[in-house]
Amino acid sequence: MELEVLRKDMVAAMKAKDKVTKEAVSSLIAAVKKVAIDEGCRDEIKSDLVDRVILKELKTVKEQLDTCPESREDLKAEYQARYDVIAKYAPKQMDADEIKAVIQTVLSELGIETPTAKEKGKIMKELMPRVKGKADGKEVNQILASMMK
């Protein structure tokens with residue numbers, strides 16, 4: 001995802017008076033700029049940085065949605081709307097079958113037929129750089145754990 005796309009979408013949301021989309025996209029742009037400044041690349045923001053920030057924001061909103069009390073329907077609706085907007089910009093995530101294929105590749109490269117709990121750290125160390133930004137770490141961990149049983 002490019003930062004310019006986010007900017008154009010924010011302007012379009014402003015013109016359409018779509019407050020929810022405008023606020024969500026605006027917060028994404030602000031988060032991207034902040035991370036770019038922190039990493040020292042304010043002038044040239046790469047799309048992988050934008051994708052990384054979008055995924056982080058998506059995860060944050062998902063946590064807000066999950067921890068929101070049931071009695072606060074107004075907050076739940078607000079978080080859900082924000083989540084839906086941010087999800088449109090998130091890069092496509094790998095599904096379970098794709099993750100299993102990458103795990104199998106790593107296992108064969110490491111020469112491991114059936115992974116054990118002792119080898120999990122070594123496997124994850126090799127695996128995570130390959131799926132970073134394409135799959136959630138928790139999901140990767142759960143799939144690897146299920147393959148160990």
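Is Leu 127 buried or exposed? The legends below take up this residue and several others in a predicted model.

**Figure 1. Leu 127 in helix α6.**
Leu 127 belongs to helix α6, which covers residues 120-131. This leucine is buried, because its relative accessible area is 0% and the limit for a buried residue is under 20%. Setting aside residues up to four places away in sequence, Leu 127 touches Val 102, Ile 103, Val 106 and Val 140. The C-alpha atom of Leu 127 is separated by 9.2 Å from that of Leu 107, and the two leucines are 20 residues apart along the chain.

**Figure 2. The packing of helix α5 against helix α7.**
Helix α5 spans residues 96-110 and helix α7 spans residues 137-148. Their axes are 10 Å apart, and the two helices pack at an angle of about 65 degrees. The crossing of α5 past α7 is right-handed. From α5, the contact is made by Ala 96, Ile 99, Lys 100, Ile 103, Gln 104 and Leu 107. From α7, Glu 139, Val 140, Ile 143, Leu 144 and Met 147 take part. Sorted by type, the residues of this contact are eight nonpolar, one polar and two charged. Two residues of this contact, Ile 103 and Val 140, are also among those that Leu 127 touches.

**Figure 3. The whole protein.**
How many helices and how many strands are there in the protein? There are seven helices and zero strands, and along the sequence the pattern reads α-α-α-α-α-α-α. The radius of gyration is 19 Å, whereas the globule rule gives 15 Å for 149 residues, so the protein is more spread out than a compact globule. Taken along the principal axes, the C-alpha atoms fill a box of roughly 55 × 45 × 25 Å. Buried residues make up 31% of the 149. The accessible surface comes to about 9,600 Å², and carbon and sulfur atoms account for 52% of it. Of the contacts between residues at least 6 apart in sequence, 57% join residues at least 24 apart.

Glu 57 is found in helix α3, residues 47-67. Its relative accessible area is 18%, so Glu 57 counts as buried, the cut-off being under 20%. Beyond the residues up to four places away in sequence, Glu 57 touches Leu 28, Ala 31, Arg 82 and Ile 86. Lys 76 lies in helix α4, residues 73-89. Lys 76 is likewise buried, with a relative accessible area of 18%. Apart from neighbours within four places in sequence, Lys 76 is in contact with Leu 65, Cys 68, Pro 69 and Glu 70.

**Figure 4. Lys 17 in the loop between α1 and α2.**
Lys 17 is found in the loop that joins α1 (3-15) to α2. Why does Lys 17 count as exposed? Its relative accessible area is 74%, and exposed means over 50%. The phi angle of Lys 17 is near 55 degrees, which is a positive value in a residue other than glycine.

**Figure 5. Ser 26 in helix α2.**
Ser 26 has its place in helix α2, residues 19-38. With a relative accessible area of 28%, Ser 26 is partly exposed. Ser 26 and Pro 91 are 65 residues apart in sequence, and in space they are 18 Å apart, C-alpha to C-alpha.

Ala 117 counts as exposed, at 66% relative accessibility. Glu 119 counts as partly exposed, at 24%. Which residues does Glu 119 touch, not counting those up to four places away in sequence? They are Ile 112 and Thr 114. Ala 117 and Leu 55, 62 residues apart in sequence, are 29 Å apart from C-alpha to C-alpha. For Glu 119 and Lys 46, which are 73 residues apart along the chain, the C-alpha atoms are separated by 35 Å.

How values were computed. Residues are numbered from 1 along each chain as its sequence is written. This is a predicted model: local features need pLDDT of at least 70, side-chain atom pairs count only at pLDDT 80 or more; totals for chains, interfaces and linings use all residues. Side-chain values use heavy atoms; hydrogens and water are left out. Axes are lines fitted to C-alpha atoms, for helices over the stretch in contact, and angles run from 0 to 180 degrees between N-to-C directions. Helices (H or I, at least four residues) and strands (E, at least two) are DSSP runs, numbered from the N terminus. A crossing is left-handed if the near helix is turned anticlockwise from the far one by less than a right angle, and right-handed if clockwise. Contact means heavy atoms within 4.5 Å. Ala, Val, Leu, Ile, Met, Phe, Trp, Tyr, Cys and Pro count as nonpolar, Asp, Glu, Lys and Arg as charged, and the others, Gly among them, as polar. The radius of gyration is taken over C-alpha atoms; the globule rule is 2.2 Å times the number of residues to the power 0.38. Buried means under 20% relative accessible area, exposed over 50%, partly exposed in between (1.4 Å probe, protein chains only). Accessible areas come from the Shrake-Rupley method with a 1.4 Å probe; for residues, only the protein chains shown count as cover.
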